[in-house]
Amino acid sequence: MTHSSNSQVSRRALQAAGQPISQLMGMALSNPNIISLAAGFVDNASLPVEATRIAADKVLSAGEASQTALQYGSNNGDQQLRQLILDHAIEMNNAAAGKTAEYNTSIDQVFITPGSNQLLFLIADTLLNPGDIILCASPSYFVFIGAVKNIGGQTIGVATDQDGIIPSSLEAALETLDRAGELNRVKAIYTVPYFDNPGGTTLTAERGKEILEIAKRWSREQKIYVISDEAYRMLRYQGEDTPSMHHWDPSLEHTIVAGTFSKSFSPGIRVGWGFLPADLQGPVGDQKSNLDFGAPLLAQRIMANVLQDELWLPHVDKLRAVYDSRRLAMLHYLNEFLGDVPGCHWHETRGGLCVWLTLPESIDTGMQGEFLKSAVEAGVIYVPGEYCFASQGESPNHSTIRLTFGVQSAESIERGIRILSEQVKRWQ
Ligand SMILES: Cc1ncc(COP(=O)(O)O)c(C=O)c1O
């Protein structure tokens, strides 16, 4: 439903109408036989029912502590879970860096949110006045782009290559904003450093450091934060883990880390987290207490037990095997069906759940174009790339598509890519 003529609702609500995610879901539901290569869902069969049952049983058989788990919790989140998450992140960073850094991040800097989307929204809401700017990769996670827009901020897209945001392009974007007298509007640089959604790219450790240095150097008029959205860090299928930006900024002066168990455990439990610079603790906490004064405690206690009893990492290992075979299937069939079509290319992601596909320039993959309608009729749906571009900066490429391999079996991926390739050959 569109409510463009409804004067009772706010401008923000009007502006949020018609989100691509709901439209795409509607389209997918309209045809039960459609192969959705669009959904950001995780694999249903791999959801950790048994591990969750064990942890939930424990939470609910603990006498008074069980009652506590069914109470309101604290605004910042369950203390034990926060500590476990922080310890795990530091351990991973030290292992990836091959040496131990002196972390002085305190537990007070750790927040639990119902999913990392809430954390990202809170950050944007805390940092941005109308017209303020967040620089991000081009393309970027469209839900975050939408949230910034909804708050009245602007996103500016920065050019990327196979390693994510190009530091010299980031520098050039900041120079341009400085010349235009707009540097004081730049509040943050948003990155998804591991297996970006949608680009599939991963920042090298060097690049992560460089981006952090750029943020520090350009923090002349006010601080420019770097948001490191690590939603897919655990879903690596190839290569070695790299230290998070947190490792180069161990007391979190500029870095905001966002993380989630949605992809690596269960989005139904929906527990996410943030590691925040000390100067944002109070303001983000205030915003959060306006919103929900604490994430659901039952879910947090279940996750604390999952971590404590070492049920998480074995599950992640299983997931990696499942998703890797689907990733390989998608890359294989893209190569088989589209490998010799001029103008088609994609990045061979080493983790995460997405492949970013570029089609010949003559094809407009957008919501209003004939190509999408025809693809849906033929039985496949994808996320049009146009949604993943910032409001300004790098121009949107309307011939792009975000594909996901998390949900479909290898057979369905084969069928989906075959149908898609037939459409490409028909419309190019
Ligand atoms: C890059 C990225 N960040 C954050 C999220 C948010 O996940 P959740 O709110 O379920 O933690 C997602 C979900 O798809 C994502 O792709």
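Q: How much space lies in the second largest cavity of this model, and what makes it a cavity?
A: About 80 Å³ of space lies in the second largest cavity. The term applies because, on a 1 Å grid over the protein atoms alone, a cavity is a set of points where a 1.4 Å probe fits but cannot get out. The volume is the space filled by probe spheres set on those points, which are joined across faces, edges and corners. The model is a predicted one, in which local features need pLDDT of at least 70 and side-chain atom pairs count only at pLDDT 80 or more, whereas totals for chains, interfaces and linings use all residues. Residues are numbered from 1 along each chain as its sequence is written, and side-chain values use heavy atoms, with hydrogens and water left out.

Q: What makes a residue part of the lining of the second largest cavity, and which residues are these?
A: A lining residue has an atom within 4 Å of a point of the cavity. The residues that line the second largest cavity are Pro193, Tyr194, Leu203, Thr204, Ala205, Gly208, Ser228, Thr242, Pro243, Ser244, Met245 and Trp248. Two helices, α9 (205–217) and α10 (245–248), each supply at least two residues of this lining; a helix here is a DSSP run of H or I with at least four residues, a strand is a run of E with at least two, and both are numbered from the N terminus.

Q: How do you know how the lining of the second largest cavity divides by class?
A: Ala, Val, Leu, Ile, Met, Phe, Trp, Tyr, Cys and Pro count as nonpolar, Asp, Glu, Lys and Arg as charged, and the others, Gly among them, as polar. The lining of the second largest cavity then divides into seven nonpolar, five polar and no charged residues.

Q: How many cavities does the rule give, and what surrounds the largest?
A: The count comes to three cavities of 30 Å³ or more, and the largest cavity holds about 210 Å³ of space. It is lined by 21 residues, with His88, Ala89, Glu230, Arg233 and Trp273 nearest its centre. Two or more lining residues come from each of α5 (79–97), β9 (255–260) and β10 (272–275), and α5 gives the most, with five residues. By class, the lining of the largest cavity has twelve nonpolar, seven polar and two charged residues.

Q: What makes β9 and β10 paired strands, and in which sense do they pair?
A: Two strands pair if DSSP finds at least two bridges between them. Strands β9 and β10 have four bridges in the antiparallel sense, and therefore count as paired. Glycine 259 stands opposite tryptophan 273 in β10. Both strands belong to an open sheet of eight strands with mixed pairing, in the order β2-β10-β9-β8-β7-β3-β4-β15. Its edge strands are β2 (110–113) and β15 (392–393), each of which pairs on one side only.

Q: What is the order of the four-stranded open sheet, and which of its strands are edge strands?
A: The order is β11-β12-β16-β14, with antiparallel pairing. The edge strands are β11 (345–346) and β14 (383–384), each pairing on one side only. Strand β14 pairs with β16 (residues 400–404) over two bridges, and proline 384 stands opposite isoleucine 401 in β16.

Notes: On a 1 Å grid over the protein atoms alone, a cavity is a set of points where a 1.4 Å probe fits but cannot get out, and a pocket is an open set with protein on both sides within 12 Å along at least five of seven lines; lining residues have an atom within 4 Å of a point.
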